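Biologist: Hi! Could you walk me through this one in plain words?
Modeller: Happy to, ask away.

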Amino acid sequence: KNVIFMGDTVTRSTFFAFCRALGDINAGSFDSDLPVHSEITKAFGDTTVAFQWAPLTSDVLERMKSVQAKTDLVIAGSGALDKLHLWATEEDKSSYELTVQQLAKDLKFLKDNSAPVVWFTPTTVNTKALPSEEKRTQMSEENVEEIRKMYSGLQINEAASFVLDGPGFTKDQVHRSYDGIHYPPQVYDVGAQILINALDWLLPLPRIMPHPIHSSFKPKPGSMANPILGLMVLCCVCIGLLFFDGYLGFSYLASVFLQPMTAPAPNRVALFYTSKEEQSRYSFMPQDLYAEICRLYEKKDHSNVSSSKKESKKSSVSEYSRKDSNNKAKPANSNNAPGRDDFSAVSMNSRRTFGLATINEDSHSNLS
């Protein structure tokens, strides 16, 4: 590919950021031997990236005429220096408008016949940081904004294939502009990344490769399947369901090191216990945590049921005493049927067991 940058110093800084993104980490570093206003060409494999010095819009217009057919992409930008050098009188303004109109025509012609064109609008100006009174008067952010509006009104943005909006990635970093115009390299790296993201539709695909959505690129159903990996996923799901453990049983292994400090030293590292008493006293297994939570809910439910029974018993006794003092209220469990308290006691006594034994013992107690 052949890529050309043309424009002022801001465009040159973006050119260096583009080269850093391609692997030249030293691009843009200070070099006193390199002329300030010079043309630069760098090669990255089969890709050539060049910068052409064109500080004014009229210079960009002249550079456009020399673009060759082998060029794949053109990035052009100017405007800030135009406000300083080409905006003194009304005649200058009229001449500048004609230049911009001709530039819009050349951009559209180049886009339709030769190569896509990216137009780089001037970045945000830090007016207070401009070094001279003349620049603070002529190149202030308000004056440069007039240039941007002129570009938009004279169809520059519509003529370009893509517009790299300078204020879009510099307006929040304007305090970092050390001379009012230029920014640290990291800011231009952001602009270069935006430009690289746009290359997907700016640069056409090579003709030797089919389109990515071509039928030959579509994988056949089942070609990406892996039965072994699918079986591993099912095993993990089964472990989580059977052990009621979202950590696939690792919490059971961790319980070896999480025994209560009240337990004797030999029992702190024991995974299983010889009796229910030891388990109930020392164990910190996950099912015990589940049992503790259930116990709190059962105690709360048991207290609510007991209070409701007492209230109903008092009301029934007072009602029967008014009707017939000889009749007495019958006990709630006169037929010796097991009540809710009995089931709760049986369930709580048998809950601290391992695995499926808890379910089986609870079911047996309820049936009996």
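Modeller: One term to begin with: two strands count as paired if DSSP finds at least two bridges between them. Here, β5 and β6 are joined by 3 bridges and run parallel. Keep in mind that this is a predicted model.

Biologist: Thanks! How many helices and strands does the chain have?
Modeller: The secondary structure comes to 16 helices and 6 strands. The chain has 368 residues, and buried residues make up 36% of them.

Biologist: And how are the strands arranged?
Modeller: The 6 strands form an open sheet with mixed pairing, in the order β2-β3-β1-β4-β5-β6. At the edges are β2 (40-44) and β6 (162-164), each of which pairs on one side only. Neighbouring strands of this sheet are turned by 15° against each other on average, direction ignored.

Biologist: What does β1 pair with?
Modeller: β1 (residues 2-7) runs parallel to β4 (residues 73-77), with 5 bridges joining them. β1 also pairs in the parallel sense with β3 (residues 47-53), over 6 bridges.

Biologist: Is β1 mostly covered or mostly open?
Modeller: Mostly covered: 5 of the 6 residues of β1 are buried.

Biologist: What about α4 and α6, at what angle do they pack?
Modeller: α4 (residues 90-113) and α6 (residues 141-153) pack at an angle of about 45°, and their axes are 10 Å apart. That angle makes α4 oblique to α6. The crossing of α4 past α6 is right-handed.

Biologist: Which residues make the contact?
Modeller: From α4 there are Y96, E97 and V100, and from α6 there are I147, M150 and Y151. By class, this contact of α4 with α6 has 5 nonpolar, no polar and 1 charged residues.

Biologist: Now α1 and α9. How far apart are their axes?
Modeller: The axes of α1 (residues 9-21) and α9 (residues 185-197) are 8 Å apart, and the two helices pack at an angle of about 70°.

Biologist: What do we call that angle, and why?
Modeller: Angles of 65 to 115 degrees count as roughly perpendicular, so α1 and α9 are roughly perpendicular to each other.

Biologist: Who meets whom in that contact?
Modeller: V10, S13, T14, A17, F18, R20 and A21 of α1 meet P185, Y188, D189, A192, L195 and I196 of α9. The residues in this contact of α1 with α9 divide into 9 nonpolar, 2 polar and 2 charged.

Biologist: Change of topic: where is L22?
Modeller: L22 is in the loop between α1 and β2. Its relative accessibility is 39%, so L22 counts as partly exposed. Leaving aside neighbours within four places in sequence, L22 is in contact with F44 and V49. L22 and T47 are 25 residues apart in sequence, with their C-alpha atoms 9.8 Å apart in space.

Biologist: Last one: what is the phi of Q155?
Modeller: Q155 has a positive phi of about 70°, although it is not a glycine. Most residues other than glycine have a negative phi. You'll find Q155 in the loop between α6 and α7 (156-159). With a relative accessible area of 42%, Q155 is partly exposed.

Technical notes
Residues numbered from 1 in each chain as written. Predicted model: local features only at pLDDT ≥ 70, side-chain atom pairs only at ≥ 80, totals over all residues. Heavy atoms only, no water. Axes fitted to C-alpha atoms, helices over the stretch in contact; angles between N-to-C directions. Helix = DSSP H or I, 4+ residues; strand = E, 2+ residues; numbered from the N terminus. Parallel < 35°, antiparallel > 145°, perpendicular 65-115°, else oblique. Left-handed = near helix turned anticlockwise from the far one by under 90°. Contact = heavy atoms within 4.5 Å. Nonpolar A, V, L, I, M, F, W, Y, C, P; charged D, E, K, R; others polar. Buried < 20%, exposed > 50% of the residue type's maximum accessible area, 1.4 Å probe, protein only.
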